[in-house]
Amino acid sequence: MYINYGGSYMKKIIALLLTMLLVVALFVGCGQDDTTDTEDTSQTTDSNETADETTDETADESTDETTDVADTGSLEDGFYYAEDESYPEDNSWKGAIIIEVADGQMVDINWTAINKNAGPDKKTASENGDYGMVAKAGAIAEWHEQAEIIENHLLETQDVTDIEYVDDEGHVDVVAGVSIHVNDFYALAEKALANGPQEKGPYTDGAYYAEEDEFADSGWKGTVDITVLFGHIVEVNWSAVDETGADKKEASISGEYGMVEKAGASAEWHEQAAIIEDYLLLTQDPTAIEYIDDEGHVDVVAGVTIHVNDFYALVEKALADAQ
């Protein structure tokens with residue numbers, strides 16, 4: 001049996017199909033937009049992570065640089081001291097140095113030297129014109145002037161290893177106005193810093209001298225020269241002079257005094273004098289001595305049979321102005 005639905009029904013069917021197609025198209029379109037948004041978000045996250053990593057790296061580098069700068073001021077505040085252990089065979093001076101550190105930095109340096117015969121230190125002798133490196137050796141400047149230049153160079157660099165020498169003698173060409181060798185200066189600076197901060201001694205730095213008021217019956221008048229550096233007694237020279245100006249220690253060294261041959265002493269006078277001088281350098285106190293008789297002999301210092309009370313009296317007299 002044939003049923004005729006008419007044109008109106010067919011139109012409804014077509015309209016329904018078109019509506020379904022439109023709905024499908026809309027779903028497809030929405031799915032594409034969602035995918036695009038997800039990709040954009042992913043790119044933004046990667047970009048942010050990269051920015052964070054860059055920020056972290058920059059912060060780390062900045063922190064490292066700050067730490068390095070801080071490390072240069074790592075020295076403990078205080079005073080540092082060092083001196084050479086012995087005198088060179090061809091030189092009567094042995095080096096010494098004092099370094100002051102404040103806020104972790106070296107702020108003052110005094111490089112000088114001690115004379116084996118005591119008296120003024122090298123820098124003072126140069127300042128007074130007694131060293132005379134220009135007149136005697138044709139130097140470009142006096143020793144204390146060149147010493148000050150190299151001291152200031154180290155204060156600028158703050159690094160005792162930051163120096164290059166042009167020869168085995170320790171000369172440099174990177175510091176204008178310095179023709180003296182400075183390897184011993186840097187060695188002393190390293191030694192002083194390695195020693196750590198130290199306490200100054202009780203005396204005022206300087207050169208001190210005393211002599212007896214009169215000539216003794218022996219014909220000699222005792223003398224003593226003392227060098228004080230960093231508050232400590234660093235050198236002593238005990239001797240005597242006669243009316244002709246002859247020096248007792250020199251006479252003993254040359255054999256003219258002859259205490260062993262003439263008096264059967266255990267050692268020559270200058271040898272025993274050197275022992276008691278070293279004992280004072282050890283004790284740093286001219287009152288820290290005990291005598292076993294009224295003549296001023298002692299038994300606490302091996303190898304000394306001469307009387308030493310006049311030596312200690314001279315030392316106290318010399319150091320009266322150093323307290």
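Two strands count as paired if DSSP finds at least two bridges between them. Helices (H or I, at least four residues) and strands (E, at least two) are DSSP runs, numbered from the N terminus. In β5, Y209 has D225 as its bridge partner.

## Basis

This is a predicted model, in which local features need pLDDT of at least 70, side-chain atom pairs count only at pLDDT 80 or more, and totals for chains, interfaces and linings use all residues. Residues are numbered from 1 along each chain as its sequence is written, and side-chain values use heavy atoms, with hydrogens and water left out.

## Overall make-up

The protein chain has nine helices and six strands. Of its 323 residues, 34% are buried (under 20% relative accessible area, with a 1.4 Å probe and protein chains only). The accessible surface of the protein chain is about 19,500 Å², computed by the Shrake-Rupley method with a 1.4 Å probe. Carbon and sulfur atoms account for 50% of that surface.

Contact means heavy atoms within 4.5 Å. Take the contacts in the protein chain between residues at least 6 apart in sequence: 54% of them join residues at least 24 apart.

## Sheet β1-β2-β3

Three strands form an open sheet in the order β1-β2-β3, paired antiparallel. Its edge strands are β1 (78–83) and β3 (105–115), each pairing on one side only. The twist from one strand to the next averages 15 degrees. Axes are lines fitted to C-alpha atoms, for helices over the stretch in contact, and angles run from 0 to 180 degrees between N-to-C directions.

β1 pairs with β2 (residues 93–102) over six bridges. G78 has V101 of β2 as its bridge partner. Helix α5 (residues 183–195) lies across β1, β2 and β3, at about 130 degrees to β1.

## Helices α4 and α5

Helix α4 (residues 143–157) packs against α5 at an angle of about 45 degrees, with the axes 11 Å apart. On the α4 side, I150, E151, H153 and L154 make the contact; on the α5 side, F185, Y186 and A189 do.

## Sheet β4-β5-β6

A further open sheet of three strands runs in the order β4-β5-β6, again with antiparallel pairing. The edge strands here are β4 (206–211) and β6 (232–241). β4 and β5 (residues 221–229) share six bridges. Helix α9 (residues 309–318) packs on this sheet and touches β4, β5 and β6. The direction of α9 makes about 50 degrees with that of β5.

Technical notes: Buried means under 20% relative accessible area, exposed over 50%, partly exposed in between (1.4 Å probe, protein chains only).
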